[in-house]
Amino acid sequence: MSRSATPSRRTLLRGVTVTGAAVIGFDPSTRSWAVTDSDTTTDSDTTTDSAATTDSAATTDTRFAGIPRLDGTLTMDDSALTAAAEDYGHMVHRRPAAVLRPGSVRDVVAMVRFCNQHRVPFAPRGQGHATSGQAQVEGGLVIETGPLAAIGPLGPGSTTVSVGAGAKWSDVVRATLVHGLTPPVFTDYIELSVGGTLSVGGLGGQAHRYGAQVDNVTALQVVTGAGELVRCSPYRRADLFRAVLAGLGQCAIIVEATLRLIPAPETVRHYTLTYDDLDTYVEDQRTLVEDGRFDYVAGQVQADAEGAFRVYVLEAAAYGPPVGPAPDDAALLSGLRPVTSGVEAADLGYFDFVNRLAPVIEALKQAGVWTHAHPWLNLLLPGDSAAALSGPVLENLDPADFGPGVIQLYPVRRDRLTTPLFRAPDDPVPYLFDVLGAVPPEDTATIDRVLRANRAAYDTAVAAGGTQYPVGSIPFTQEDWRVHFDSAWPCFAAAKRTYDPRNLLTPGQGVF
Ligand SMILES: Cc1cc2nc3c(=O)[nH]c(=O)nc-3n(C[C@H](O)[C@H](O)[C@H](O)COP(=O)(O)OP(=O)(O)OC[C@H]3O[C@@H](n4cnc5c(N)ncnc54)[C@H](O)[C@@H]3O)c2cc1C
């Protein structure tokens, strides 16, 4: 590869590195993009066109299909393409040809139609926290949703709020708390985009009471895979609404979501109860989600001093005034069986509670673990066999393969999960079981071993009626997705044919 500062004002590129350039055209015959020059690194696929002008978004050269006039930017900037070929998993890298930073919803519509016209695959990308290339698209267009982050309007009596799909949950809750309101359910880590979590489900310790985040959406504005801008809800274009929530970005790009709001507490009493027996831990968790005495129930499995994963930490939180009464420790903890001296409690402001992982994340970033590979296992287990299925995985987990990771094991309630594409076991109290390891990215042997173990654990879980929670890294085929979506598959596949008829949208999920 040679490097040349080209004198031309525009360059036609296939598979080259470009810095500081904006895309202005697409050559359908060569399937390559035209860009303004600024600093171009060329290879043998490159041709230059010195006659062209750069001051118009739409080229006048008949070889090119002009890019629609945009409010935002379309770029082939090297750093933008590199970032779009990366995610939190740090294992899969598919480099797009261009990245759209939309200045408006109109930009998304225009570029989706353009991609359809020229058969260019495309995918929305929120915060890029998927772990297996789910938001990546080789040679296609990545649409960053981050600029679509408006929140509101909002008032003290609001029961819903409309937010741009690129808004982060941390920004949403900051805005709603000004009015004493909050979305009901949060993921543990709140720097994820609204569109990103609504495309998978969105689980947290409040899900046993309110369902997943997808169960708390009253309406959506989406751009379908064919480029149609549509408002949908349970009462309007309901087939599309149902195909988008937990729909893995297959049928449409969410550009705005209307989220349910509830009154927020000012403070939260946050308990941790330590157990030394898996069955007791699981049974006590089940008691709590069945009787509903806490607003939040979750829990982790940790390693003991010998490195064995057999310390079980039940997490529970009770919301204080004005949502609930002042927490009564004796009533809340009655009948639970943690080890002696295994109970701790702390009172936190509500935002600090929702954002409680922030210091942990900062420490992981400081330690360099954030950029490790994350070959995650995320399962939903039938409650009646949660201990029997998770126990052997924990026993066989090699701390060396797991690194400085986190294991979660906590129940939800099936009757609160109402979104058809959110697949959960047919059991009244399914358990989320997440083995969230971190491996140095260059240690490919360990990554491969963990991925194989993930698959084996998935197979065992499915045979017992479990499912995967599709945010992790389980090697999966199209046939596996059919099994995963099960009775929801025919409607999902029909929606895909209707709303993304050219099968261009979000190929990184590998569903269709
Ligand atoms: C540190 C960490 C903690 C996490 N904790 C939790 C947790 O507690 N609970 C939980 O449920 N999950 C959790 N997750 C998983 C997380 O919810 C998903 O990975 C989520 O999809 C990430 O959101 P994102 O904005 O980064 O999406 P991206 O990674 O950008 O995208 C994920 C998928 O959604 C699609 N997508 C993105 N935006 C849109 C849109 N606007 N419309 C349609 N499709 C879209 C993408 O194409 C891609 O297929 C966690 C992940 C990490 C890394």
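Two ground rules before I start. The model is predicted, so local features need pLDDT of at least 70, side-chain atom pairs count only at pLDDT 80 or more, and totals for chains, interfaces and linings use all residues. Residues are numbered from 1 along each chain as its sequence is written, and side-chain values use heavy atoms, with hydrogens and water left out.

Let's begin with the sheet. Helices (H or I, at least four residues) and strands (E, at least two) are DSSP runs, numbered from the N terminus. Two strands pair if DSSP finds at least two bridges between them. Strands of a sheet pair through backbone hydrogen bonds, either parallel or antiparallel. Here we have an open sheet of eight strands, with antiparallel pairing. The order is E22-E19-E21-E20-E24-E25-E23-E26. At the edges sit E22 (343–349) and E26 (467–468), each pairing on one side only.

Now some of the pairings. E19, residues 267–275, pairs with E22 over seven bridges, antiparallel. In that pairing, Thr267 has Gly349 of E22 as its bridge partner. E19 is also joined to E21, residues 309–319, by eight bridges, again antiparallel. There, Val268 partners Tyr319 of E21. Further along, six bridges join E24 (406–411) to E25 (431–436), and these strands run antiparallel. Gln408 has its bridge partner in E25, namely Asp434.

What lies across E23 and E26? Helix H13, residues 444–463, does, running at about 10° to E23 (377–381). Axes here are lines fitted to C-alpha atoms, for helices over the stretch in contact, with angles from 0 to 180 degrees between N-to-C directions. Contact means heavy atoms within 4.5 Å.

Val23 is in strand E4, residues 23–27. Is Val23 buried or exposed? Buried, because its relative accessible area is 6%. The cut-offs: buried is under 20% relative accessible area, exposed is over 50%, and partly exposed is in between, with a 1.4 Å probe and protein chains only. Leaving aside neighbours within four places in sequence, Val23 contacts several residues, including Trp33, Ile67, Leu74 and Ala98. Val99 is 76 residues from Val23 along the chain, with 9.2 Å between their C-alpha atoms.

On to the aromatics. Rings of Phe, Tyr and Trp (its six-membered ring) pair if their centres lie within 6.5 Å; planes under 30 degrees apart count as stacked, over 60 as edge-to-face, and the rest as tilted. The structure holds 23 such pairs. Take Tyr189 and Trp370: centres 5.5 Å apart, planes at 70°, so edge-to-face. Tyr189 is in the loop between E14 and H4, and Trp370 in the loop between H10 and E23, so the pair ties together parts 181 residues apart in sequence. Both Tyr189 and Trp370 are buried. Tyr271 is buried, at 1% relative accessibility. Phe294 is buried too, at 1%. Ring pairs also link Tyr458, Phe476, Trp481, Phe485, Trp489, Phe492 and Phe512 into a cluster.

Charges over rings come next. The rule: NZ of Lys or CZ of Arg within 6 Å of the ring centre and within 35 degrees of the ring normal. Trp370 comes back here, with the charged end of Lys365 over its ring, 5.2 Å from the centre. Arg356 lies over the face of Phe353, at 4.6 Å from the ring centre.

How many disulfides? Zero, taking a disulfide as two cysteine sulfur atoms within 2.5 Å. For Cys115, the nearest cysteine sulfur is that of Cys251, 17 Å away. Cys115 is buried, at 0%, and Cys251 is buried, at 1%.

Last, the backbone. Most residues other than glycine have a negative phi, and most peptide bonds are trans. A cis bond joins Gly152 and Pro153, with omega about 15°. Another cis bond runs from Pro321 to Pro322, omega near 5°. Leu248 has a positive phi of about 55°, and is buried at 1%. Thr506 has a positive phi near 55°, and lies in the segment after H15.
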